[in-house]
Amino acid sequence: MLLIDRKILSSLNQRVLVKYKRSAFSFALILSLCGVLCLIFPVYAGVVLSYLTGFLLTLCGFYSLTCAFTFRKNGKIAIFSLIIFSIIYIIMGVSVLLSPMLGINILSMIICFLFLLAGFSRISAAFRNPSMVGRYWCMFIGILDLIIAFIWIGANEDTTYYLVSIFIGLEMTSSAYIYFTLSNYFEGIMKKNI
């Protein structure tokens, strides 16, 4: 992730701009390739996403165990909770690795929950702040989030499988567009500095 703003951009030298431009372009290529593959092959992408989820959950579990050992002097309750969470992560990760459909169902539930949360948050923010700029757009997007969430909840297992793959593919391609734009912006700044 590139953490920069306009103030920082104006103070960067040519070498750092080249590095940021290459990073943004590389991220854009990887994200666009993965996004297009998710959209073209949603079944295989779902399996890959499921295995990736299982691997990351298992990795988080082992990392939590390492943290429990590292921070063993911070108190017994903290160590106990770290160990419990690491065991839960490892069990979930291994379960997902053994059953890819479980991983897709977990991703589907998380995405659906995030749509519900986003919808309720946007609508409540718009109602709580009557002077908010773009208040009606915020309400409209919140309602769309809720509609998507309820469609997602009502869908059968095969449909949610495809929805997860297509949603993640679209997210990757839109992120790739942002990184391509950022790379072109860095190129423009480099040309101005010459």
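Helices here (H or I, at least four residues) and strands (E, at least two) are DSSP runs, numbered from the N terminus.

A quick word on what you're looking at. This is a predicted model, where local features need pLDDT of at least 70 and side-chain atom pairs count only at pLDDT 80 or more, while totals for chains, interfaces and linings use all residues. Residues are numbered from 1 along each chain as its sequence is written, and side-chain values use heavy atoms, with hydrogens and water left out.

Is R128 buried or exposed? Here buried means under 20% relative accessible area, exposed means over 50%, and partly exposed is in between (1.4 Å probe, protein chains only). R128 has a relative accessible area of 65%, so it is exposed. I123 is also found in helix α5, but I123 counts as buried because its relative accessibility is 17%. V94 lies in helix α4 and counts as partly exposed, at 37% relative accessibility. Finally, R72 is in the loop between α3 and α4, and at 48% relative accessibility R72 counts as partly exposed too.

Now try pairing each of these residues with another one along the chain. The table gives the C-alpha to C-alpha separations.

| Pair | Apart along the chain | C-alpha to C-alpha |
|---|---|---|
| V94 and Y51 | 43 residues | 9.6 Å |
| I123 and D145 | 22 residues | 9.9 Å |
| R72 and R122 | 50 residues | 41 Å |
| R128 and F41 | 87 residues | 43 Å |

**How the helices pair up**

Two packed helices are described by the angle between their axes and the distance between the axes. The axes are lines fitted to C-alpha atoms, for helices over the stretch in contact, and the angles run from 0 to 180 degrees between N-to-C directions.

Take α3 and helix α4 (residues 76-98): their axes come within 7 Å and cross at roughly 160°. That makes α3 roughly antiparallel to α4 (angles under 35 degrees count as roughly parallel, over 145 as roughly antiparallel, 65 to 115 as roughly perpendicular and the rest as oblique). The crossing of α3 and α4 is left-handed, a term used if the near helix is turned anticlockwise from the far one by less than a right angle. In this contact there are 17 nonpolar residues, eight polar and no charged. For these classes, Ala, Val, Leu, Ile, Met, Phe, Trp, Tyr, Cys and Pro count as nonpolar, Asp, Glu, Lys and Arg as charged, and the others, Gly among them, as polar.

Next up are helix α5 (residues 100-128) and helix α6 (residues 135-154), whose axes come within 8 Å and cross at roughly 155°. That makes α5 roughly antiparallel to α6. Their crossing is left-handed, and the contact of α5 with α6 has 19 nonpolar residues, three polar and three charged.

**The largest pocket**

On a 1 Å grid over the protein atoms alone, a pocket is an open set of points where a 1.4 Å probe fits, with protein on both sides within 12 Å along at least five of seven lines; lining residues have an atom within 4 Å of a point. Volume is the space filled by probe spheres set on the points, which are joined across faces, edges and corners.

How much space lies in the largest pocket? About 170 Å³. Its lining includes C34, F41, Y44 and M172. Both α2 (14-40) and α3 (42-70) supply at least two lining residues each, and the largest share, five residues, comes from α3. By class, the lining has ten nonpolar, no polar and no charged residues.
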